[in-house]
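Let's take a friendly walk through this structure, with the sequence and coordinates open beside the text.

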Amino acid sequence: MNPSSIPGLETPDSLPFDLMRVPGLGHLFRWRYARPLLQIPLLILSVVMILHGLFGPTLAPKNLATTLSWLHFRGVLVLVLLCAGNFFCLACPFMLVRQWARRVFRPRFNWPRALRNKWLSVGLFVLILFTYELFDLWSSPWWTAWLIVAYFLSVLVVDGFFKHASFCKFVCPIGQFNFVASTLSPFEVKVREQDVCTRCHTKDCIRGRREPISDLVTIRGCELALFQPSKVGNMDCTFCLDCVHACPHDNIGILSRMPASELMIDPIRSGIGYFSRRKDLAALAIVFTFGALLNAFGMVSPVYAVERWFGGVLHVSHETPVLGVIFTFFLIVEPVLLLGLAAWLTRAWVGKGWAGTRRALVPLAVRYTYGLVPLGFGMWLAHYSFHFLTGLYTVIPVTQNAIASLGRPFLGEPLWTLTGLPANVVQIIEIGFLVLGFGGSLAVTYGLAEDDSPDRPLRAFLPWAAVCLVLWFASMWLMFQPMEMRATLMSG
Amino acid sequence: MSYRFSVFYGFICAATLLIAGCSRPVEPRPFLAIEHEFSPEPARVGPATVTLKLADATGKPITGAHIAIEADMSHAGMSPLFAEAKEAGPGRYEAHLEFQMAGDWVILLHVMLPDGTRVERQIDVRGVRLN
């Protein structure tokens, strides 16, 4: 499918909405210090969370580290990704510290060639999900604070040694989550007119602006190696706006588009290549999608029965091997079975694909894996928005309590009865997100099937629609399970 | 490795060790023996009664204490429950709670002894079950 046939990707006849043209907002984003302005409040908040996590109440519901990390940050993150784009990476406080550190010294090395892919970050993403369950990070302010500290240190070490935005592109698990989720966002950093780029000789958006005599870079170009004229979609884009500031023609905007449209096409993308040839990206999409179900599964009652059963079968009482088995099943066995079967059926029913050749199973599975991303995002949205909305106001008493503990209760006594929206109201919103994700996945997989097999798109589509249906039923089942928050999975 | 590099990473290591060495000061606590019982046992979602028995160092029941109870879940975002324990016998106090969700709960006891001494204690209620 050609990018120009996708609504919202290339629309020469209808001008997309441009956030950079919004009065006030556009001025702010064009301002060179817009990013630090957004980062500084988050950095202050991070420091407060670290201090409160280490020295504040040990109970998670009374601590800012746990309340803000596991309720508000995650909830706001997914909702902003859904409604706008990857604006969290724009306001990332870790990058502010990195910038300050880089004033003191300059990194010397290039990121190792062997690691210029997503495998390391996929592993770290899985590791975070695993440690979240194993150490019950949600119930420990102390561990949560240390997680934030570890993040800051990792950024400083990685980007201290390696040039460009190595941490963002190849390491950061939160960043990878944001990159995948932002493929469904309605906004994209993009050139306004390709002709302007064609005539441009300086290519400042990628090279950066340099002083004429000293040749020192005064405004950075894209550190993630995304060359704007051939950039497609939001993958790997941190919305840092370096390209906006560097472009001498003011030709880069934050343009509206059809969410998920970039998943339906497979052009060569700057800094990425072809989606269909990137097994590491497909693995990231699998962890994103199946990890969403796994993460929600860890919070419902049946998980304890499953863990006890596995513990009995394996004759172990420690949680690590049991969790290992569950993770292996959810993130490897289940995807391999489902995607493998769907790919095999697609090949059997469609026969010859592109250019009349019979397609191998793995590339076929890789290509359609991206179609599951909307389902995964629907599940993340449902899960995180549940915690966020049902605990929306809890940040008020926790903040009151934190200030009162300093001996100056100028916000009054903590109003502990403040919680959030009723669970039955939030459940309707959750169902809405799951339906939205399901519809999105069906649309993307059908788009891919149409592109693959214009004569018989239904044959290519049906196996993947069945996979979507299975995952959607699993998501709905999970959503209606009673929640059970335990820090001791194997006991009782 | 340059001097700046060494200084920078030295600073990171020092900061990490400094934070790792931080801990809360331990305050001496007055002796107070508190036994607790839940009904039903094991605790389930729904109404529950917690019975507390307070005794001093000699084992003598403590009467006339004021006990405020706060029950929290181990996850952020849940509203805590509050209750007052009533004296149901010499040194024996009862409070009624309603566990709203299965999972781990933490009961905080804010005890004021007859001599005005305040004592805080924590009881972990692991794995409150569904009905």
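The sections below go from domains to cores, helices, backbone details and chain B.

## Domains of chain A

Please keep in mind that this is a predicted model. Chain A is split into domain 1 (1–23 + 189–257), domain 2 (32–186) and domain 3 (263–492). Taken over C-alpha atoms, the centres of domain 2 and domain 3 of chain A are 20 Å apart. Their contact draws 34 residues from domain 2 of chain A and 36 residues from domain 3 of chain A.

Which elements of domain 2 of chain A give two or more residues to the side that touches domain 3 of chain A? They are α3 (64–83), α6 and α9 of chain A. With eleven residues, α3(A) provides the largest share of that side. By class, the side of domain 2 of chain A that touches domain 3 of chain A holds 19 nonpolar, ten polar and five charged residues.

## Nonpolar cores

The largest nonpolar core has 140 residues, and the members that touch the most others are A:Ala285, A:Val287 and A:Val373. Helix α13 (residues 279–297) of chain A gives this core its largest share, 13 residues. Leaving aside residues up to four places away in sequence, A:Ala285 touches A:Val180, A:Thr369, A:Tyr370, A:Leu372 and A:Val373.

There is also a second, separate core, made of nine residues. Among them are A:Met49, A:Leu54, A:Leu64 and A:Ala145.

## Helices in chain A

How are α6(A) and helix α9 (residues 173–181) of chain A packed, and at what angle? Their axes are 8 Å apart and meet at an angle of about 105 degrees. Angles of 65 to 115 degrees count as roughly perpendicular, so α6(A) is roughly perpendicular to α9(A). On the α6(A) side the contact is made by A:Ser121, A:Leu124, A:Phe125 and A:Ile128, while α9(A) brings A:Pro173, A:Gln176 and A:Phe177. Sorted by class, this contact of α6(A) with α9(A) has five nonpolar and two polar residues, and no charged ones.

Now look at helix α5 (residues 93–104) of chain A, where A:Pro93, A:Phe94, A:Met95 and A:Arg98 are buried. The cover over the buried residues of α5(A) includes α2 (34–55) and α7 of chain A.

## Two positive phi values

Most residues other than glycine have a negative phi. Two residues of chain A are worth a look with that in mind. A:Asp136 has a positive phi, near 50 degrees, and lies in the loop between α6 (119–134) and α7 (141–161) of chain A. Is A:Asp136 buried or exposed? A residue is buried if 20 or more other C-beta atoms lie within 10 Å of its own; A:Asp136 has 21, so A:Asp136 is buried.

A:Leu241 also has a positive phi, near 70 degrees. Its loop runs between β3 (217–219) and α12 (242–246) of chain A. A:Leu241 has 19 C-beta neighbours inside 10 Å and therefore counts as partly exposed.

A:Phe17 sits in the segment before α1 (25–30) of chain A. Where A:Phe17 and A:Leu255 are concerned, 238 residues separate them in sequence, yet their C-alpha atoms are 5.6 Å apart in space. A:Phe17 has 14 C-beta neighbours inside 10 Å, so A:Phe17 counts as partly exposed.

## Chain B

Chain B has one helix and seven strands. Read from the N terminus on, its elements follow the order α-β-β-β-β-β-β-β. Of the 131 residues in chain B, 27% are buried. Among contacts in chain B with a separation of 6 or more, 57% are between residues 24 or more positions apart.

Most peptide bonds are trans. Which bonds of chain B can be looked up as cis? The peptide bond joining B:Ser39 and B:Pro40 is cis, with omega about 0 degrees. B:Pro40 has its place in the loop between β1 (33–39) and β2 (46–55) of chain B. The bond from B:Glu41 to B:Pro42 is cis too, with omega near 0 degrees, and B:Pro42 is likewise found in the loop between β1 and β2 of chain B.

How values were computed
Residues numbered from 1 in each chain as written. Chains lettered and ligands numbered in written order. Predicted model: local features only at pLDDT ≥ 70, side-chain atom pairs only at ≥ 80, totals over all residues. Core = buried A, V, L, I, M, F, W, Y, C linked by C-beta atoms within 7 Å. Buried ≥ 20, exposed ≤ 12 C-beta atoms within 10 Å, placed from the backbone. Helix = DSSP H or I, 4+ residues; strand = E, 2+ residues; numbered from the N terminus. Contact = placed C-beta atoms within 7 Å. Axes fitted to C-alpha atoms, helices over the stretch in contact; angles between N-to-C directions. Parallel < 35°, antiparallel > 145°, perpendicular 65-115°, else oblique. Nonpolar A, V, L, I, M, F, W, Y, C, P; charged D, E, K, R; others polar. Domains from an automatic or database assignment.
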